[in-house]
Amino acid sequence: MSPASLPREIRIENARSHNLKGVSCRIPLRRLTVVTGVSGSGKSTLAFETLYAEGQRRYVGSLSTYARQFLERLPRPEVDRISNLPPAVAIEQRNRVTGARSTVGTATEILDHLRLLFARIGRTHCGDCASWVTRTDAAQVVESLQDAFGGRRISLAAPLAAMPGESETELRARLAREGYRRLLDAKGAPVDLDEIAEGRLLASPWLVLVDRLRLGEHPDESDRTRLAEATREAFGRGAGEAVAVEADGGERRTFREGFRCDACGRAAPEPSPALF
């Protein structure tokens, strides 16, 4: 429908409710209209008990029988005809919301519905690099790895990080005690922990090797379970970061657990109604 063909005004013919005595008028659409007059002249009757009552009655009548039982049904106003009347929202004269920051959205409770809508359909951008922020868990990593490396052998690892104040000797002892005997160098090649020279463990970006496995083109449940367990272990050791490296230093992919930026890893709050 073109703008020229849209109705331009609401027409009320012979409104007779309460103090209205056969009032007929035209109210322009898409304009701000103020109804004024002395006390008892029928201003509220025209606005609330005629216009709003008829608009609400028509809207409720368009819903299902089940939905109508939960909505207030106003009586039909005494009027011969009202044409071009859109759905209406009414805010009563007495202000039930005493907050200084109250708006039409809070007074009509539309804000509550908008919060739910934004929390469900909203998409989050990273504040650092403007990339999409998505939620990642072990199940999603399994699917991504299967799609990317199906039929190939990979190493699943986690970034090596020393605890605050931990020396290289203490780090080596802790890795050995926890059962991690092999690391991956910067090229993705496996190296035995005992073969790493003194002074190099904290000086180079190593990865702790969690598992090495071949991803079948048609993996069964046991293969997926093993990969998911290795992914969760890598997330736990790497402070939420896991790295998959194709055998012999091939393609590499980094995954970050939780609601984080895919590009830079910045964490973000997940959309929830309370944020809006």
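In which loop does H18 lie? H18 is located in the loop that connects β1 and β2, where helices (H or I, at least four residues) and strands (E, at least two) are DSSP runs numbered from the N terminus. The structure is a predicted model, in which local features need pLDDT of at least 70 and side-chain atom pairs count only at pLDDT 80 or more, whereas totals for chains, interfaces and linings use all residues. Residues are numbered from 1 along each chain as its sequence is written, and side-chain values use heavy atoms, with hydrogens and water left out.

The phi angle of H18 is near 50 degrees, a positive value in a residue other than glycine. H18 counts as exposed because its relative accessibility is 54%; buried denotes under 20% relative accessible area, exposed over 50%, and partly exposed the range in between, for a 1.4 Å probe and protein chains only. A positive phi in a residue other than glycine also occurs at A239, with a value near 55 degrees. A239 belongs to the loop between α7 (221-237) and β10 (241-246), and with a relative accessible area of 67% A239 is exposed.

Helix α1 comprises 19 residues (residues 43-61), and its end C-alpha atoms are 26 Å apart, which agrees with the 27 Å that the helix should span at 1.5 Å a residue. The expected span is taken as 1.5 Å times one less than the number of residues. A kink of about 30 degrees is present in α1, centred on A53; the bend at a residue is the angle between axes fitted to the seven residues ending there and the seven starting there. A53 is one of the buried residues of α1, which are T45, L46, T50, L51, A53, E54, G55, Q56 and V60. The cover of these buried residues includes β1 (9-15), β2 (23-28), α2 (65-68) and β3 (79-83), with contact meaning heavy atoms within 4.5 Å.

The loop between α2 and β3 contains E78, which is partly exposed at a relative accessible area of 46%. When residues up to four places away in sequence are not counted, E78 touches N14, A15, R16 and S17. The C-alpha atoms of E78 and Q140 are separated by 61 Å, the two residues being 62 residues apart along the chain. A further loop residue, K187, lies between β7 (182-184) and β8 (190-192) and counts as exposed at 69% relative accessibility. K187 and D128 are 59 residues apart in sequence, and their C-alpha atoms are 28 Å apart in space.

Side-chain pairs were also examined. The charged end of R123 sits over the ring of W132, 3.6 Å from its centre; this assignment requires NZ of Lys or CZ of Arg within 6 Å of the ring centre and within 35 degrees of the ring normal. The count of disulfides is 0, a disulfide being a pair of cysteine sulfur atoms within 2.5 Å. The sulfur of C126 has its closest cysteine sulfur in C264, at 3.5 Å, and therefore lies too far away for a bond. C264 is accordingly in no disulfide, the nearest cysteine sulfur being that of C126. C126 is buried, with a relative accessible area of 6%, whereas C264 is partly exposed, with a relative accessible area of 37%.
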